[in-house]
Amino acid sequence: MSNSLMKKYRPQMILFFIIVIEALIMIGLVQYRSYIVKKQEEEAANPQTPHSSAAIQENHTTGSDESPSPEEITTLDNIPVRDKNAGENAHTKDDVRIVCLDPALGGYEKGNTSQTPAAMTESEYNLEFAQLIKKELNSQNVVVYMTREENKYVEDTERSDLANNVYADLMVTLTRNSYNGIDERSGMTVWVHRKRPKTSDAAAKLILHELEAAGAQINTVDAGTAKSTEEDYYTNSQCIGPSLVLGMGSVLNRSDIRDYEENKEAYAKAVAKAIVQWMDNQGL
């Protein structure tokens with residue numbers, strides 16, 4: 001085509017290309033709208049995914065047969081985080097009994113090792129005792145969530161997030177204490193928040209009472225931490241519902257470890273009994 005013809009028909013050519021581009025855009029928009037409509041229809045037919053927040057909430061707020069069975073053990077995987085601004089009594093919204101057991105440490109955080117033939121770490125003791133308590137609670141129709149079920153590292157935020165999200169009636173952190181390398185202090189202690197909330201305090205006292213009845217050496221219910229009355233354990237400070245930290249004696253005290261090894265099943269039953277009694281008292 002000669003330059004003169006191109007100049008003559010240039011406006012028409014430009015208009016033609018504009019029309020073609022607009023047509024392609026319109027076709028694309030129509031196809032995209034059809035895709036969106038199809039996706040909305042599919043979501044309407046399947047409104048909840050297995051791990052959606054709404055699905056988990058419904059399981060704990062209805063009395064249907066779909067509520068978690070007592071044998072179910074759910075950990076951190078795919079658990080969404082609940083709104084931290086929920087009311088302090090939001091944990092009671094479900095109609096099943098739920099406990100969150102939190103074995104402290106894990107993974108590279110092993111803690112000290114007992115100076116006994118078993119030579120177990122604090123992390124191992126915490127997990128073992130949590131599993132024993134879980135078994136007893138399951139047998140009494142209590143749903144148990146564990147922050148860890150194996151030797152793995154778990155962030156503090158994940159621990160409290162799990163308890164808050166599942167509306168736990170009570171969170172129990174299980175720990176051993178090294179007392180900065182000193183084995184002088186022995187016996188079992190429970191720590192609650194410095195404000196000593198009544199519900200947490202009541203659970204702590206019942207647990208120590210039942211442990212004492214089972215033959216354990218106990219101390220008192222303390223507020224704060226083992227090192228300071230001006231600080232709180234993370235789970236006690238972040239849990240919306242009742243929570244406590246149960247210290248099962250010093251891992252460096254041989255008498256504490258020997259007592260635990262000889263009576264761990266009985267002590268697990270005592271803790272579970274106390275928790276169930278506390279739930280009865282709370283009307284849960």
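Student: Is phenylalanine 17 buried, exposed or partly exposed?

Tutor: Compare its relative accessible area with the cut-offs. Buried means under 20%, exposed means over 50%, and partly exposed lies in between. This is a predicted model, and in it phenylalanine 17 has a relative accessible area of 49%, so it counts as partly exposed.

Student: Which helix holds phenylalanine 17?

Tutor: Phenylalanine 17 is found in helix H1, which spans residues 3–45.

Student: Which residues make the nonpolar surface patch?

Tutor: A patch needs residues with over 30% relative accessible area. Here Met13, Phe16, Phe17, Val20, Leu24 and Ile27 make a nonpolar patch of about 590 Å².

Student: How much accessible surface does the chain have?

Tutor: The total is about 15,500 Å². Carbon and sulfur atoms account for 51% of that surface.

Student: And what share of the residues is buried?

Tutor: The chain has 284 residues, and 44% of them count as buried.

Student: Let's take one element. Why is helix H4 described as largely enclosed?

Tutor: Count the buried residues in the element. H4 covers residues 156–165, and seven of its ten residues are buried, so the rest of the structure largely encloses it. The buried residues are Arg159, Ser160, Asp161, Leu162, Ala163, Asn164 and Asn165.

Student: Which residue with a positive phi follows H4?

Tutor: Look at tyrosine 167. Its phi is positive, near 55 degrees.

Student: How many helices and strands does the chain have?

Tutor: There are seven helices and seven strands. Read along the sequence, their order is α-α-β-β-α-β-α-β-β-α-β-α-β-α.

Student: What share of the contacts joins residues at least 24 apart?

Tutor: Start from contacts between residues at least 6 apart in sequence. Of these, 79% join residues at least 24 apart.

Terms used:
Residues numbered from 1 in each chain as written. Predicted model: local features only at pLDDT ≥ 70, side-chain atom pairs only at ≥ 80, totals over all residues. Heavy atoms only, no water. Buried < 20%, exposed > 50% of the residue type's maximum accessible area, 1.4 Å probe, protein only. Helix = DSSP H or I, 4+ residues; strand = E, 2+ residues; numbered from the N terminus. Contact = heavy atoms within 4.5 Å. Areas by Shrake-Rupley, 256 points an atom, 1.4 Å probe, with all protein chains shown as cover. Patch = residues over 30% accessible without salt bridge, like charges linked within 9 Å, V, L, I, M, F, W, Y side chains within 5 Å. Salt bridge = Lys/Arg side-chain N within 4 Å of Asp/Glu carboxyl O.
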